[in-house]
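Open the structure in your viewer and keep the selection tool ready. This tour goes stop by stop: select, look, move on.

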Amino acid sequence: MQGSTPKPHAVIIGSGFGGLAAAVRLGARGYRVTVLEKLDAPGGRAYVHRINGFTFDAGPTVITAPFLLEELWTLAGRRMSDDIDMRPVTPFYRIRFHDGAMFDYTGDAAAMRKEVERLAPGDVAGYERFLRTSEEIFKVGFEELAHVPFGSWWDMARIVPDMMKLESYRSVYNLVAKHVKDDRLRQVMSFHPLLVGGNPFSTTSIYTLIAFLERKWGVHFPMGGTGALVKGLVRLIEGQGGEVRCNAEVKQILLAGRKARGVLLQSGETIEADVVVSNADSAWTYRHLVDENVRKRWTNERLEKQRYSMGLFVWYFGTKRTYENVAHHTICLGPRYEGLLDDIFQRHVLADDFSLYLHRPTATDPSLAPTGCDTFYVLSPVPNLASGTNWEKEAEPYRKRVEHYLASTLMPGLDKEIVASRVTHPQEFQDRLLSFRGAAFGMEPVLTQSAFFRPHNESEDVERLYIVGAGTHPGAGLPGVLSSARVLDRVVPDAASLH
């Protein structure tokens with residue numbers, strides 16, 4: 001009788017965007033899906049904090065390549081526009097240099113040419129050469145490779161000629177510097193790796209594709225915040241017959257020999273599964289959830305030796321007035337560029353100076369704050385926990401330094417306007433979000449930790465275990481995380497084959 005055979009069961013650990021996207025895709029392919037979330041609400045790093053009437057998106061705030069989200073709604077038989085009101089944001093970023101000069105980074109070719117000409121008249125031709133290079137890298141790095149599994153050495157070997165031709169051995173900064181000479185313009189065109197956990201001076205130049213990706217699809221923001229996307233994806237999963245369970249922390253991935261067969265929760269409950277997908281941090285997954293005895297590639301020693309992304313200090317705050325002159329996305333560059341990045345990534349020391357990303361979502365959606373108020377978060381890249389920083393001691397002094405900087409530059413009188421406040425730092429990333437070493441983006445995206453050299457989407461150590469999210473191929477950032485779930489279409493067996 002039709003429908004009498006139970007569907008194969010897929011258990012997904014973590015409800016970040018990678019886990020939710022994987023759930024929709026597996027649900028569309030005939031699996032019964034259960035998503036398990038440690039926190040009290042879905043979203044993972046895209047959790048939502050609500051304080052005194054203010055709504056704070058905890059994590060990703062820059063939406064690019066929205067077609068990757070639209071594809072999920074289509075797979076679930078719906079249209080994203082029926083559930084999500086996605087608005088374009090311009091400028092993409094307003095960049096403030098340390099001397100107070102501004103640069104509006106947009107998707108308008110003519111406007112960008114004028115901005116470049118105003119900032120660095122001798123670099124207009126070089127900027128346009130760089131953008132053409134970014135497009136060439138995009139066509140290979142994103143369109144051809146982002147959704148393709150790198151499960152074997154051959155997968156890597158066959159792209160080496162293209163990577164050499166595109167100069168992937170260069171760093172992002174090095175490739176930018178090849179085309180433009182002005183120091184400030186070099187910073188403008190090379191900061192993007194910081195959005196995905198990379199140091200522009202060591203991240204492979206493959207990531208310069210972001211410049212063209214933004215030009216092609218724009219930068220967007222969903223009304224209601226990125227939390228609205230999380231809610232929408234949960235509804236899609238439930239509409240497919242799947243389930244999202246919160247307050248359900250996984251203690252261990254259960255094995256039959258070398259094959260995943262389910263999970264054990266911290267509560268003691270056992271959940272059987274035909275396939276297990278981990279959207280938890282990849283290093284955390286192997287180090288803490290998989291028995292060391294079956295790990296031949298991702299041993300404890302190997303995990304310890306990997307290079308990890310920076311940590312993040314994030315201050316969420318609400319003000320009882322609005323700051324109309326502050327853009328939706330503002331990048332505040334500090335007095336040092338390479339030196340600060342060396343402190344963060346190489347020396348692992350907490351510097352006295354900083355560069356900041358300031359997010360004002362109420363510039364697009366005033367409903368995220370009470371009437372007449374503004375919602376903000378300000379993010380500072382800092383060393384991960386390898387620095388030994390005692391964040392219980394350092395968090396408030398650091399927050400005060402950030403507050404003083406904002407009050408003396410973009411937000412006069414800030415100290416007297418704050419009516420909601422919360423801080424997140426690398427220690428919380430480790431303790432609450434289970435990020436290995438408190439690294440906010442998993443392993444650092446250097447060339448030797450990309451594609452084949454990153455933890456594979458199909459586990460090398462455990463059969464029927466799959467990895468999605470920032471810590472696997474193709475990497476961090478919303479397009480990368482959503483693309484990691486697309487890879488599952490290539491490597492997870494069809495549900496029908498498991499009956």
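**Stop 1: a helix and its neighbours**

Begin with helix H2, residues 67-75. Its buried residues pack against helix H1 (17-28), helix H3 (80-83), strand S5 (86-88), helix H11 (226-239) and helix H17 (478-491). Colour those five elements, and keep in mind that this is a predicted model.

Which residues of H2 are buried? Select Leu 68, Leu 69, Leu 72 and Trp 73. They lie on the same side of H2, because they cover an arc of only 150° around the axis. Look down the helix axis to see this.

Now step past the end of the helix. Gly 77 follows H2, and its phi is positive, near 80°.

Then go to the other end. Ala 65 sits in the loop between strand S4 (54-57) and H2. Ala 65 is not a glycine, yet its phi is positive, about 50°. Most residues other than glycine have a negative phi, and most peptide bonds are trans. Is Ala 65 buried or exposed? Ala 65 counts as buried, because its relative accessibility is 0% and the cut-off for buried is under 20%.

**Stop 2: the whole chain**

Zoom out and show everything. The secondary structure of the protein chain comes to 17 helices and 19 strands. Its C-alpha trace spans about 70 × 55 × 45 Å along the principal axes.

How does the radius of gyration fit a compact globule? With 499 residues, such a globule would have a value near 23 Å; the protein chain has 22 Å, which agrees.

Colour by burial next. Buried residues make up 61% of the 499 residues. The accessible surface of the chain comes to about 19,200 Å², and 49% of that belongs to carbon and sulfur atoms.

Then think about contacts. Take those between residues at least 6 apart in sequence: 74% of them join residues at least 24 apart.

**Stop 3**

Strand S10 (residues 250-256) and S11 run antiparallel, joined by six bridges. Find Ala 256, which stands opposite Lys 259 in S11. S10 and S11 form a hairpin with two residues between them. In that turn, Gly 257 has a positive phi of about 70°.

Continue along S11, residues 259-265.

Move on to strand S12 (residues 270-272). S11 and S12 also run antiparallel, with three bridges between them. Pick Gly 262: its bridge partner in S12 is Glu 272. The hairpin of S11 and S12 has four residues between the strands. There, Gly 268 takes a positive phi near 100°.

Show the side chains here and keep a general rule in mind. In a regular strand the side chains alternate between the two faces of the sheet.

**Stop 4: one threonine in a helix**

Select Thr 133. Its place is in helix H5 (residues 124-141). Thr 133 is buried, with a relative accessible area of 15%. What does Thr 133 contact, leaving aside its neighbours within four places in sequence? Show Leu 175 and His 179: Thr 133 is in contact with both.

**Stop 5: two cis peptide bonds**

Jump to Thr 90 and Pro 91. The peptide bond from Thr 90 to Pro 91 is cis, with omega near -5°. Pro 91 is found in the loop between S5 and strand S6 (93-96).

Now select His 473 and Pro 474. A cis peptide bond joins them too, and omega is about 5°. Pro 474 has its place in the loop between strand S19 (465-467) and H17.

**Stop 6: an arginine in a loop**

Select Arg 437, in the loop between helix H16 (426-431) and S19. Arg 437 is not a glycine, but its phi is positive, about 60°.

**Stop 7: cysteines**

Finish with sulfur. A disulfide is a covalent bond between the sulfur atoms of two cysteines. How many disulfides does a search of the whole structure find? The search finds zero.

Select Cys 332, which is buried with a relative accessible area of 1%. Then select Cys 373, which is buried with a relative accessible area of 15%.

Key
Residues numbered from 1 in each chain as written. Heavy atoms only, no water. Pairing = 2+ DSSP bridges. Disulfide = S-S within 2.5 Å. Buried < 20%, exposed > 50% of the residue type's maximum accessible area, 1.4 Å probe, protein only. Arc of directions from axis to C-beta. Contact = heavy atoms within 4.5 Å. Rg over C-alpha atoms; globule rule 2.2 N^0.38 Å. Areas by Shrake-Rupley, 256 points an atom, 1.4 Å probe, with all protein chains shown as cover.
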